[in-house]
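Here is a friendly walk through one protein model. Have a look at the sequence and the 3D view, then read on.

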Amino acid sequence: MRDQSPRPTRRGVLFGGAVVAAGSLAAACTSNSAKDDPSPAAQAGSLGGDNDKPGKQVTIGFSAPAADHGWIAAIAKNAEGQAKKYKDVTFKPVEPTNDINQQISAVESLIRAKVDVLVILPNDGEQLNQVARKAMDAGIPVVNLDRVFPDKLSYRTWVGGDNYGMGVSAGHYIGKKLKGKGASNPVIVEIQGIATLPLTQDRSKGFADALKSYGYTVTAKQDAKFTVESGNQVASNLLQAHKKIDALWNHDDDQGVGVLAAIKQSGRKEFFMVGGAGSANAMREIKTGGGVLEATVTYPPTMAASAIKLGRLIAQGKGMADLVELQVPQSITLASETVFKDNVDTYMPLGFES
């Protein structure tokens, strides 16, 4: 289950007050030579150059929830995979758990082990805020992954996805296509995750705001609890309730497995569908074509790999080489990108298995 930073952006990455395209993040963590550019900005930005070359040995502690669905499993896989790319990194994960107290104890064990930096995806940001603050007070920088700690003193850098931006991306894809068809008063259905969560409310608000710019509104919405079983049941209910549908947005590709199964069982094909999060399953469906699923909007678990890269830079006292500033930014919001048939091959390597 994903969560939202209190500093969402609609277009890319938030560095302090500036928004930078999210695609530049990976490049910014590595180096471009400035020797041919004598400008002060270029020279300052190059001070963290050659960032991927071996440097000071660092130990990165890692804590995340247990993998109860594909997205969380991909978080752990991305973190470990990125750490293995560096000869100067010792990766020290603790046992993943969905128990708050057990995660607190696990993080405390990493503090006692005096790791150089901590990367934490908390089960609940508020409930793990205190132990993250304890790490920071002990001089261990914390990279807060996705579910934000309410106290900014509890983390050095936050990196995560843009829930509002997911809704915006889905809304623009659907709105533009329906407008191109000349649709008037279309039936637009929305299948949420868990309706009471702020992250879901942010996604729905982004979706509604984007649709409004085309003169459209959501006809019906229901939450599916982020599970395959609920996704199947909710989709079946909505298909029975609406004999004609023009477009459907499903917030989460994990629960989308059940949604698609219900649609295929119904034999309905008069509408098109957009998914959410960017699973490999959804991307394969998009690439094959012939079904209702045409696109998915990303909430990338690759953010865990970026968190490892950022944690390494922080522990080594380096900045992001493509930025003028000498330190890693305090907050990075990843853009939600739209994956469809024309670009699916580009995004396929980043997809996660549901």
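Predicted model: local features only at pLDDT ≥ 70, side-chain atom pairs only at ≥ 80, totals over all residues.

## Ground rules

A residue is called buried if its relative accessible area is under 20%, exposed if it is over 50%, and partly exposed in between, using a 1.4 Å probe and protein chains only.

Residues are numbered from 1 along each chain as its sequence is written, and side-chain values use heavy atoms, with hydrogens and water left out.

## The sheet

Helices (H or I, at least four residues) and strands (E, at least two) are DSSP runs, numbered from the N terminus. Two strands pair if DSSP finds at least two bridges between them. Six strands make up an open sheet with parallel pairing, in the order β4-β3-β5-β6-β7-β13. The edges belong to β4 (89–93) and β13 (331–333); each has a single partner strand, so one side of each has no neighbour in the sheet. On average, neighbouring strands here are turned by 15° against each other, direction ignored.

Zoom in on β3 (residues 58–63) and β5 (residues 117–120): these parallel strands are joined by four bridges. In one of these, S63 has I120 of β5 as its bridge partner.

## A helix across the strands

Helix α4 (residues 100–112) lies across β3, β4 and β5, and runs at about 165° to β5. Contact here means heavy atoms within 4.5 Å. Axes are lines fitted to C-alpha atoms, for helices over the stretch in contact, and angles run from 0 to 180 degrees between N-to-C directions.

## Rings and charges

Rings of Phe, Tyr and Trp (its six-membered ring) pair if their centres lie within 6.5 Å; planes under 30 degrees apart count as stacked, over 60 as edge-to-face and the rest as tilted. The structure has four aromatic pairs. One of them is W71 with Y299: the centres are 5.8 Å apart and the planes are at 50°, so this pair is tilted. W71 sits in helix α3 (residues 70–83) and Y299 in the loop between β12 (293–298) and α11 (303–315), so the pair ties together parts 228 residues apart in sequence. W71 is buried too, at 0%.

Another is Y173 with F272, edge-to-face because the planes are at 65°, with centres 6.3 Å apart.

A charge sits over a ring if NZ of Lys or CZ of Arg is within 6 Å of the ring centre and within 35 degrees of the ring normal. K177 does this over F272, 4.8 Å from the ring centre, and R203 over Y299, at 5.2 Å.
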